[in-house]
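Trainee: I have a new protein to look at, and I would like to learn how to read it. Could we go through it together?

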Amino acid sequence: MLDVYLFVTPWDEQCIQSEKVMIDFVQNVDQKVSFQIIPMLNMQIIQSYLHNTKNKSYDSYNRLSEDMYNMILDYKAALFQCKRHGRNFLKLIQQEINSNHLPYSKQLGSEIAERAKLDLEMFENDRRSKLARDAFKADQRTASEMNVAISPAAVIFNDDGDDCGILVEDFDDKTLQQICQDDACPLSSAISFSHPSVSFPHVL
């Protein structure tokens, strides 16, 4: 089995693209895959977004930091209901923030939860719960333990006995395809694909 960890910023166009790339991989690999999207939050991420020319909504570090944190808690609350609903919630709220340039708000989170067909009462109870906060802290520890410093970044482990794994930072389709073709890649012999002729990044 493969364990796939995709580390992203709470909202960032490059990270949204990396999610699409990795989902293509997960859907096409023959092996059983455990896949997690983990939003990261640190000072570098906040400062980078604050000074991004595409940022249309924020001029305060503290407000941006709080909104990113609360959006991640919302995502964790959505994941508590099921991974599919959680990823759909994340995709929808990223679209609103990146494409429509809406600032995050608690009301926006509630509206997206309804569109993602979540149990709204459960979502409202979970979104600021200790369980959600603890899940956030656990994710940040995971990023630190895996030496992930920037996003997007992918960490993939082969769980079948040899603890084989690799970290790729700031990747795109071309980068991943080059890695897949490299015989020195420690996972190259551990991964096979259902549709090898399909054009998508064969990862790590």
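Predicted model: local features only at pLDDT ≥ 70, side-chain atom pairs only at ≥ 80, totals over all residues.

Mentor: Before we start, residues are numbered from 1 along each chain as its sequence is written.

Trainee: What percentage of the residues in the protein chain is buried?

Mentor: Buried means under 20% relative accessible area, exposed over 50%, and partly exposed in between, with a 1.4 Å probe and protein chains only. The protein chain has 204 residues, and the buried share of them is 48%.

Trainee: And what share of the accessible surface belongs to carbon and sulfur atoms?

Mentor: Accessible areas come from the Shrake-Rupley method with a 1.4 Å probe, and for residues only the protein chains shown count as cover. The total for the protein chain is about 10,400 Å², and the share of carbon and sulfur atoms is 46%.

Trainee: Which element gives the largest share of the lining of the largest pocket?

Mentor: On a 1 Å grid over the protein atoms alone, a pocket is an open set of points where a 1.4 Å probe fits, with protein on both sides within 12 Å along at least five of seven lines, and lining residues have an atom within 4 Å of a point. The largest pocket holds about 430 Å³ of space, a volume being the space filled by probe spheres set on the points, which are joined across faces, edges and corners. Its lining has 26 residues, with T9, D12, S48, Y49 and N52 nearest the centre. Helix 1 (13-28), helix 2 (43-50) and helix 4 (83-98) each supply at least two of the lining residues, and the largest share, 4 residues, is from helix 2.

Trainee: How many charged residues are in that lining of the largest pocket?

Mentor: Ala, Val, Leu, Ile, Met, Phe, Trp, Tyr, Cys and Pro count as nonpolar, Asp, Glu, Lys and Arg as charged, and the others, Gly among them, as polar. The lining of the largest pocket has 10 nonpolar and 11 polar residues, and the number of charged ones is 5.

Trainee: Which element gives the most to the lining of the second largest pocket?

Mentor: The second largest pocket has about 270 Å³ of space, and the residues lining it include I16, E19, R84 and R87. Two or more lining residues come from each of helix 1 and helix 4. With 7 residues, the element that gives the most is helix 4.

Trainee: H85 is in helix 4 too. Is H85 buried or exposed?

Mentor: Contact means heavy atoms within 4.5 Å. Leaving out residues up to four places away in sequence, H85 touches A78, A116, K117 and L118. The relative accessible area of H85 is 18%, so H85 is buried.

Trainee: Which residues are linked with D74 in a network of salt bridges?

Mentor: A salt bridge is a side-chain nitrogen of Lys or Arg within 4 Å of a carboxyl oxygen of Asp or Glu, and the whole structure has 6 of them. D74 pairs with R127, with the closest N and O atoms 2.9 Å apart, and also with R128, at 2.8 Å. D74 sits in helix 3 and R128 in the loop between helix 6 and helix 7, 54 residues apart. The residues linked with D74 in the network are E124, R127 and R128.

Trainee: Which residue forms a salt bridge with E96?

Mentor: E96 is buried, with a relative accessible area of 13%. The closest N and O atoms of the pair are 2.9 Å apart, and the partner of E96 is R115.

Methods. Heavy atoms only, no water.
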